[in-house]
Amino acid sequence: MSRPEPKSQPMPMERAILWNPPAAPGTTSPGGKSTSRSPYPIFFQQEAVIALQEHLKSSPTQAIFGFLIGDVYRDPENGALYTIIDKTLKLSQAIYGDKTEVVVSRLWDRMQEQLKKAAGTLLGWYHSHPGQGGFLTTHDVETHEKFFTEPWHVAILVAAEAGGVTGRFFRATQGNTDWHKTPLAFYELLQPDSIKPDGKKRSFITWRNYKPYGPTLTGPKPKSPEPPKPPPAPPPPEAEEEEKKPRQRPAAGDRGFRIMRSSPAEVGARLPAPPLPPSRLVPSGPLRGPPSGPRRTAAPAFRLLDEEEERRAAPAAKPKRRKRRGPWLKRLAILLVLAGVGAGGYWYLAIRNPTLLPGLLDRAKQLASRITKRSPAPPPAAPRRRTTAGSPPAAPPAAPPPAPPPAAARAPAPVPVPQPVVASPFARFDRLSDSLARAVRNFQDRAALFGSGRMDCGGLATGLVAVDNLWITYNTERRARLASFDPARVSRDQALWASVDSVSRRFDDSGCPRP
């Protein structure tokens, strides 16, 4: 089977929910944090989630089996590879025992034919363990390592454990012999109607062992009880005779594979009708109120004969003639006069005597300054003291205080110091996010130069060291601010994780020794 060419499409982080697997034995941190940077992130579309759960409900006591279909994509911005599972190819018959290798070997050719009809890529397989543990058995590991050898192939194991249904994603990786004991994180890809206007997201994952990472989730709403239907009308005699006849069963079709893809209309919850306000409630019985009295007819119109004769004898008053001249005529005349005076003044001052107007303005300014200028009062004269013989001479009068310096020589007024602006608690985190994104882009440029032979391993390693140093600082700040992230920062944080992971994988593919 030839390896497909990845399709170019950005990672749909805005409409996805990250589900973290349970913590490893002896630890308290969820496993998703340590595996979210693994290659080929998994996006599980809600239509495929519903199809897998419907298949599990159809066989609660016997094991089920099926294949996962979708496509492999590449993010054009950071070059990261990821998969989207959007269909399930299920086996209609139940499986007995745990010999999954025998089942896959028998159905492999038929699965390839169905895969061509579905126009998709094989992304893995799924099966269930009714009444058993939630981890792959020895036969399951042999089946996966023999038939599912691509790096994006995954195995989904669904099991009914104590307390509810659990599910786990597994993928074989090079150098990891315990891959079947390490569940993977995955993204639930939402339908458009699963994202509410207030930002809440609706999920269809019912596995109790996974924990969501992100905004508040709302599960599927329970269906409201339908009102009892009225009994059907008795059928006519002809219909009764037709019902008595035996019905023919349709011929049984092929019991092979079936492509399951639920439509959004099948998963929508029916919302109960809102209650009517008290003003809209109508009692079931007839309205009872006080009896209304008999309606009174209007009295007939009447008139006095004397007043009618006087009205006829009186001469009709002539209508007054309305004056057509209004105040607008006076206003128009005043405007014309003002316009003429203004035009004459402009002609005389600006055209005929252009130097007259500046001279008049200067004289007016000088006159105003003379009027408003105050002359300083003379200093008071010192009293004369009479001197007698033998008395010391009088002291000379004290010198007047120095005049204040002119306005131009005075010290400038102090400039008010602006109040310090309180920095946002996310200022350092946002700066680190920008620096990490620039370091990732710098490494991508160095990798392009290395691929064309214009840079050696030393230059490529320098870019990797810069990304690793910034990632350590960024991760420390991220843990301190993780509890108060908004949806935009959550999406950017997940995108940065995938970008840093693509840098590490690209350096490993170059063959250069790690610094």
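A salt bridge here is a side-chain nitrogen of Lys or Arg within 4 Å of a carboxyl oxygen of Asp or Glu. The model is predicted.

Q: How far apart are the closest N and O atoms of R492 and D434?
A: R492 is an Arg and D434 an Asp, and the two form a salt bridge. The cut-off for such a pair is 4 Å. The closest N and O atoms of R492 and D434 are separated by 2.5 Å.

Q: Which helices hold R492 and D434, and how many residues apart in sequence are the parts tied together?
A: The salt bridge between R492 and D434 joins two helices, with R492 in α12 and D434 in α10. Because the partners sit in these separate helices, the pair ties together parts whose distance in sequence is 58 residues.

Q: Are R492 and D434 buried, partly exposed or exposed?
A: Buried requires under 20% relative accessible area and exposed requires over 50%. R492 has 35% relative accessibility, and D434 has a relative accessible area of 33%. Both values lie in between, so R492 and D434 count as partly exposed.

Q: Which residue forms a salt bridge with D430?
A: D430 lies in helix α10, residues 427–451. Its partner is 59 residues away, in helix α12, residues 487–510. The closest N and O atoms of the pair are 3.1 Å apart, and the partner of D430 is R489.

Q: What is the N to O value for the salt bridge of D508 and R514?
A: D508 is partly exposed at 44% relative accessibility, and R514 is partly exposed at 43%. Their side chains meet in a salt bridge, N to O, at 3.1 Å.

Q: Is F148 buried or exposed?
A: F148 is placed in the loop between α4 (138–147) and β7 (154–161). Its contacts, leaving out residues up to four places away in sequence, include F67, W108, L122 and H153. The relative accessibility of F148 is 2%, and because buried means under 20%, F148 counts as buried.

Q: What separates the C-alpha atoms of F148 and G124?
A: G124 is one of the residues that F148 touches. The two are 24 residues apart along the chain. Their C-alpha atoms are separated by 6.8 Å.

Definitions and conventions: Residues numbered from 1 in each chain as written. Predicted model: local features only at pLDDT ≥ 70, side-chain atom pairs only at ≥ 80, totals over all residues. Heavy atoms only, no water. Helix = DSSP H or I, 4+ residues; strand = E, 2+ residues; numbered from the N terminus. Buried < 20%, exposed > 50% of the residue type's maximum accessible area, 1.4 Å probe, protein only. Contact = heavy atoms within 4.5 Å.
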